[in-house]
Amino acid sequence: MIANHPEREQIRLENVLFALGNPLRLGIVKSLAGGEELTCGALRQDVAKSTMTHHWRVLRDSGVIWQRPQGRENLISLRREDLDARFPGLLETLLRVMVNEA
């Protein structure tokens, strides 16, 4: 596992809200909402790798995603269970709003 994954009890609401306050990061969360792990390359789209690295770091450090190495790639998944335990209904409400606005 990559460093800087906070324990469930260390996930703070203000950090999660900050991380989700960016449209690109919201898009990553929406892509991961299905529950599967995706590679960095699958999530990158047409954005520079260095920019995506920054966004993954913000999401990881805030406790929104898990990131783990797999060969030459990193696999990324949503920490849905941890977020639901810390802030019941937050993620589901956010995802529902994103679907309704699409």
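Analyst: Happy to! A word on classes comes first: Ala, Val, Leu, Ile, Met, Phe, Trp, Tyr, Cys and Pro count as nonpolar, Asp, Glu, Lys and Arg as charged, and the others, Gly among them, as polar. Please keep in mind that this is a predicted model.

The largest pocket has a volume of about 240 Å³. Its lining is made up of Cys40, Gly41, Arg44, Lys49, Thr53, Trp56, Arg57, Arg60, Gln67, Arg72, Glu73 and Asn74. Sorted by class, that lining holds six charged, four polar and two nonpolar residues. Under the class rule, Cys40 and Trp56 are the nonpolar ones.

Which elements supply the lining? At least two residues each come from α3 (40-44), α4 (49-62) and β3 (73-78). The most come from α4, which gives five residues.

Now for the setting. The protein chain has six helices and three strands, in the order α-α-β-α-α-β-β-α-α from the N terminus. Its radius of gyration is 13 Å, close to the 13 Å that the globule rule gives for 102 residues, so the chain is as compact as a globular protein of that length. Buried residues account for 35% of those 102. Of the contacts with a separation of 6 or more, 69% join residues 24 or more positions apart.

Finally, an unreviewed UniProt entry places the feature "domain: HTH arsR-type" at residues 5-98. Over that stretch the chain is 55% helix and 15% strand, with its end C-alpha atoms 25 Å apart.

Note on methods
Residues numbered from 1 in each chain as written. Predicted model: local features only at pLDDT ≥ 70, side-chain atom pairs only at ≥ 80, totals over all residues. Heavy atoms only, no water. 1 Å grid on protein atoms, 1.4 Å probe; cavity = no way out; pocket = protein on both sides within 12 Å on 5 of 7 lines; lining within 4 Å. Points joined across faces, edges and corners; volume = space filled by probe spheres on them. Helix = DSSP H or I, 4+ residues; strand = E, 2+ residues; numbered from the N terminus. UniProt positions renumbered as here; feature names shortened; annotations may be inferred. Rg over C-alpha atoms; globule rule 2.2 N^0.38 Å. Buried < 20%, exposed > 50% of the residue type's maximum accessible area, 1.4 Å probe, protein only. Contact = heavy atoms within 4.5 Å.
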